[in-house]
Amino acid sequence: MRLVFGSLFAFVVAAVVGLGATWLALSRGVAFGGVTIGAWTAWPKTGTSEIDPYARAVVAQTGRLPIGSGDGVAFFAQTDDRGRMFDGRCDVVVNGTTPPARFWTLTLYDRSGSLVANSINRYGFTSQEIVRRADGTFEIVIAPRARPGNWLPTGGVERYVLVLRLYDTPVGVASRTGREAPMPAVLAGACP
Amino acid sequence: MSVIRLLLWSLGGILLGGIVHLTSVLVLPRTATQDAYSRLEPLTPVNTVAALPVPSPDQTLLPFMDPAFAVAVCRYDLADAPLKLTTPVGQAYTSLTFYTRFGIAYYAINDRAAGRRTIELELMTADQRSRLPEDEEVTAADRLIVESPTLTGLVVLRALSPEPSFMPVARGILAAAQCRPNPQQ
C-alpha cells in the first residue's frame, strides 16, 4: 500500500515538475545560441536544420515560420538598451545604423506576434522608406502620438516587441559583436 | 522515517520529471495542432502556389510575419513525384524558404544567390534524387536541386514591397510563380 501511494506521489511530482518546466521554457521562450547586441537578440540557428529542440517546440506551438538563414536574420527587442520594458504609452527612439544588408525592415508587434492597430496603418518601416540624415544614420521615434520624421505608432498598447530583419546579409551564426553588426541604439524617453 | 521516505519519493519524482520534461519538448512538434502547416492546410491546395493575405491587426494567420512582404505558399507533397518551382524575380527582393512539415527552415535562397531572372529549382526527396538517371547527373550542375527531409512541407515565397504602393507589384510577381509535379521518366 505504501508503495502504491509512494509511486503515485512520485508520478504526480514528475508530471508537475516535467510539464511545468516545459510550460515555463516555452512561454519564456528559452532558446540557445542567441546573439545579443545591445537591446537586440537574434537566434540565427533557428533558421537552419540545426535549430535546438526548445526553439523547435516553440515554432510548432506558436505556428511561426522562422526566417531561413539563406534569406536573412531577425533581431528581437523587448526592452531598451538599459533594460527598460517597452511601454506603448511612452516614447522610444531607435537611432543609428544597421549592419550591412541589402534590405532591412523594422516592425512592431504585440507579444503574441500580431500587428498593432493604429490610425495611419503603419506597422513598420523598410530601409527604402526611412528618412536619413546626411551621414546615412537614421532616427525612428516609436510613440503613441504623431511625430515629425520617422514615426512608428504604438497604438497605445502596453507591451510590444520590435523586430529588425536583415535580408541578404553577412550577419549570421558567426556574428558575435556590435563591431561586426552595428545595431541601432534603443532608448526609452519621455513618458506622459 | 516517513519524512525521509517522502523525500526519497520526491527525489524520484523530480528525476522522473526531468525525463517527462525532455520527452514532452521533443514530442511537442509532432503533436502541435496549431503549427504553421496545420494553419495553412485549409487555405492552400497541395502542390500549387497560393497567395496568403497581407497580415493586418485583425488578421494574424501566422505570428511575426513581415508586413512589408507579399507572401505565397506552395504546400507540397512529394509522395507521387518531385516538384518543379519557378518564380520570377522582382526589382526589389525575392526569396524562397523551404520548411519541413514541422516548420524547420532547412533551405532558403534569394534572387541574388539564384543569379538569374527567374529562380528555378527542383524539390525532391533523397530517395527520388538517388533515382535520377546517370546522364542527368551530368547536366545537374546547372540544375538547382533541393532535397526535402520530409515528404510534405511548405515552400514560402516572399517578395518585398519596399514601399506600401509596391505591394500590388510584389503580389503580381508571386502570382506568376509556379509549383507543379514534375514526374520522373
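Colleague: How many residues does the contact take from chain B and from chain A?

Modeller: It takes 50 residues from chain B and 53 residues from chain A, where two residues are in contact if their C-beta atoms, placed from the backbone, lie within 7 Å. Keep in mind that this is a predicted model: local features need pLDDT of at least 70, side-chain atom pairs count only at pLDDT 80 or more, and totals for chains, interfaces and linings use all residues. Residues are numbered from 1 along each chain as its sequence is written, and chains are lettered from A and ligands numbered from 1 in the order in which they are written.

Colleague: Which residues of H1(B) are buried, and what do they pack against?

Modeller: First the general idea: an α-helix has 3.6 residues a turn, so residues three or four places apart point the same way. In H1(B), the buried residues include B:Trp9, B:Gly13, B:Gly17 and B:Val20. The buried residues of H1(B) pack against helix H1 (2–28) and helix H2 (53–62) of chain A.

Colleague: Where does H1(B) bend?

Modeller: At B:Val25, by about 30°, and a proline, B:Pro29, follows within four residues. The bend is the angle between axes fitted to the seven residues ending there and the seven starting there.

Colleague: Now sheets. What is the strand order in the open sheet of chain A?

Modeller: Strands of a sheet pair through backbone hydrogen bonds, either parallel or antiparallel. This open sheet of 4 strands runs S8-S7-S4-S10 in chain A, with mixed pairing; two strands pair if DSSP finds at least two bridges between them. S8 (150–153) and S10 (185–188) of chain A stand at the edges, each with a single partner strand, so one side of each is left without a neighbour in the sheet. S4 and S7 of chain A pair in the antiparallel sense over 5 bridges, and A:Gly96 stands opposite A:Phe138 in S7(A).

Technical notes. Helix = DSSP H or I, 4+ residues; strand = E, 2+ residues; numbered from the N terminus. Buried ≥ 20, exposed ≤ 12 C-beta atoms within 10 Å, placed from the backbone.
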